[in-house]
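Please read this report alongside the sequence and the 3D view.

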Amino acid sequence: MANLEPWQVRAIDAYVEICRIDEHGIAGPIFGPELDLLAEKVRAKAPWSDLLTPWDVASIALRRLTLRATKVPRDFIGLLKDAPEGARLVGELRADLVEYFESLPRAYYVFFPLINVPAIGQAELPLTVAISIVDTSIADGPHARLIQQYSGLLVALNRGRPLPHLEPDTRYLRIQLSGYSDESLTSPVAVSALAQLKHFLFVALARRVFKEAPSWTLQHKIAGSVASHVNPDQEEQYALRLPDEFNRYLHRMELDTTELTYYDTSGGIGLLSGVSRPPQTPPEFAWALTQRFGRLPEFLAIPRDAPDAVRIKAALEWWIDGVVSENQTISFLQFCIGFEALLGESGDNTGRSVERGITERLADRYAYLRGRTQSEREAHRVAFSTMYKRRGQIVHQRETHLRRNDDAEACRKAREMLFGAIADELNAFMRVLPKPA
């Protein structure tokens with residue numbers, strides 16, 4: 001957190017002086033030179049220049065102005081400072097804006113629903129320092145306030161929109177982040193949270209903790225995603241509306257119970273006399289989940305831009321984007337970009353000779369990543385080259401979409417091949433990752 005400079009505070013002073021309420025009861029201005037100046041001055045130095053867009057600054061200002069506007073008579077029209085107790089309201093608005101900007105970056109929890117995960121018998125199951133599975137069926141859990149009633153402050157801040165909340169008796173993936181958040185998926189916190197959600201989903205699928213339920217089994221129960229300030233005294237919550245395709249895919253995630261086992265030592269006299277069996281109680285599910293993930297949560301804790309992990313994380317994000325997309329052509333191209341992220345650079349020149357060289361290099365790297373013998377590598381090389389040839393035909397507009405029958409198979413193969421390549425590279429990465437002390 002940093003203090004605003006005096007010239008930034010003067011821009012806030014200039015803004016609050018011209019805040020007004022129109023004949024429709026709408027507080028503003030919602031655009032204009034004063035708001036532009038406020039955004040320019042606030043964003044003139046770090047950390048605000050790195051966290052906020054001009055629209056973010058305007059949104060922050062308007063949210064706080066709207067709260068003050070609820071405290072003036074309904075028939076009032078004019079400058080906020082001329083309203084009854086206007087001087088106090090303007091002073092509160094000024095102090096609120098200064099306090100909020102100086103509180104950035106802020107700490108947030110972001111919750112993504114895992115509606116097919118059964119109760120875990122505890123309020124939260126930590127996977128990393130910043131990532132946990134939380135269970136809202138625990139009545140006295142730390143996030144009970146997000147399931148309960150809301151104050152007038154939240155009603156005002158949301159301006160009549162549906163209030164963000166967590167569903168009762170539901171499991172969520174909770175990610176703790178620092179930055180700035182609002183209801184937009186382009187805010188720094190939302191962008192980072194979505195990337196970490198993709199990392200988690202891939203790891204859970206790779207370890208066979210999760211599996212994809214068929215689309216026709218999708219439940220009618222829909223739970224939304226929420227960003228909330230970590231501090232319960234700061235009533236700042238936002239509903240994050242994921243793209244419909246992503247939300248449907250997320251709601252298809254269910255536990256792969258065939259791979260979850262609990263080591264039961266209750267019937268023996270020592271650890272070596274125990275037996276493995278399916279978990280039967282919430283605490284046993286929690287234990288089995290932790291064991292099934294193994295060390296892979298350590299990968300989740302590694303920063304997205306860490307040199308040794310950046311290629312893997314970029315590739316698996318493209319893989320998730322590909323499986324989420326319901327357009328096969330887009331999906332196929334996203335898998336191809338995933339290969340390029342994992343195996344090498346694609347370059348900007350799309351000439352045939354350059355592309356042929358790129359395809360050969362990617363095929364070689366894929367073959368040596370997946371194959372253990374020369375014959376296996378040759379088979380992988382041929383499979384990759386055949387699949388990847390479709391990319392060139394689409395990108396260079398020789399074909400604008402995948403043929404429904406023949407080339408839908410190319411999309412399926414690309415999905416399987418990229419998943420295997422990422423999983424192999426991830427396993428190799430984990431083998432050389434130092435174990436925590």
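## Helices, backbone and cavities

In helix α8, which runs over residues 244-251, the buried residues are F246, N247, Y249, L250 and H251. These buried residues of α8 pack against β4, α7 (188-206), β8 (210-212), β11 (253-255) and α11 (310-324). The model is a predicted one.

The protein chain as a whole contains 15 helices and 13 strands. Of its 437 residues, 48% are buried. When contacts between residues at least 6 apart in sequence are considered, 70% of them join residues at least 24 apart.

Helix α5 covers residues 86-103. Its 18 residues should span 26 Å at 1.5 Å a residue, and the end C-alpha atoms are 25 Å apart, so the two values agree. The buried residues of α5 are G86, L89, V90, L93, D96, L97, V98, Y100, F101 and S103. Elements that cover them include the helices α1 (6-17), α2 (33-42), α3 (48-51) and α4 (54-69), together with the strands β4 (106-113) and β10 (237-240).

Some backbone positions deserve a look. Most residues other than glycine have a negative phi, and most peptide bonds are trans. The table lists the exceptions treated here.

| Position | Backbone feature | Value |
|---|---|---|
| G28 and P29 | cis peptide bond | omega about 15 degrees |
| A46 and P47 | cis peptide bond | omega about 5 degrees |
| E85 | positive phi, not a glycine | phi near 60 degrees |
| D169 | positive phi, not a glycine | phi about 50 degrees |

Where do these residues sit in the chain? P29 is in the loop between β2 (27-28) and α2, and P47 is in the loop between α2 and α3. E85 belongs to the loop between β3 (78-79) and α5. The loop between α6 and β7 holds D169.

Is E85 buried or exposed? The relative accessibility of E85 is 54%, and because exposed means over 50%, E85 counts as exposed. D169 has a relative accessibility of 47% and therefore counts as partly exposed.

T170 is also in the loop between α6 (152-157) and β7 (171-179). The relative accessible area of T170 is 1%; buried means under 20%, so T170 is buried. What does the side chain of T170 reach? That side chain meets the backbone oxygen of P168 at 3.0 Å.

How many cavities of 30 Å³ or more does a search of the whole structure find? There are two cavities of that volume. The largest cavity has a volume of about 70 Å³. The residues that line the largest cavity are A123, V134, D135, T136, I138, G141, P142, H143, A144, I147 and L166. By type, this lining divides into seven nonpolar residues, three polar and one charged.

Key: Residues numbered from 1 in each chain as written. Predicted model: local features only at pLDDT ≥ 70, side-chain atom pairs only at ≥ 80, totals over all residues. Heavy atoms only, no water. Helix = DSSP H or I, 4+ residues; strand = E, 2+ residues; numbered from the N terminus. Expected span 1.5 Å × (residues − 1). Buried < 20%, exposed > 50% of the residue type's maximum accessible area, 1.4 Å probe, protein only. Contact = heavy atoms within 4.5 Å. Polar contact = N/O pair within 3.5 Å; in protein donor to acceptor, adjacent residues only side chain to side chain. 1 Å grid on protein atoms, 1.4 Å probe; cavity = no way out; pocket = protein on both sides within 12 Å on 5 of 7 lines; lining within 4 Å. Points joined across faces, edges and corners; volume = space filled by probe spheres on them. Nonpolar A, V, L, I, M, F, W, Y, C, P; charged D, E, K, R; others polar.
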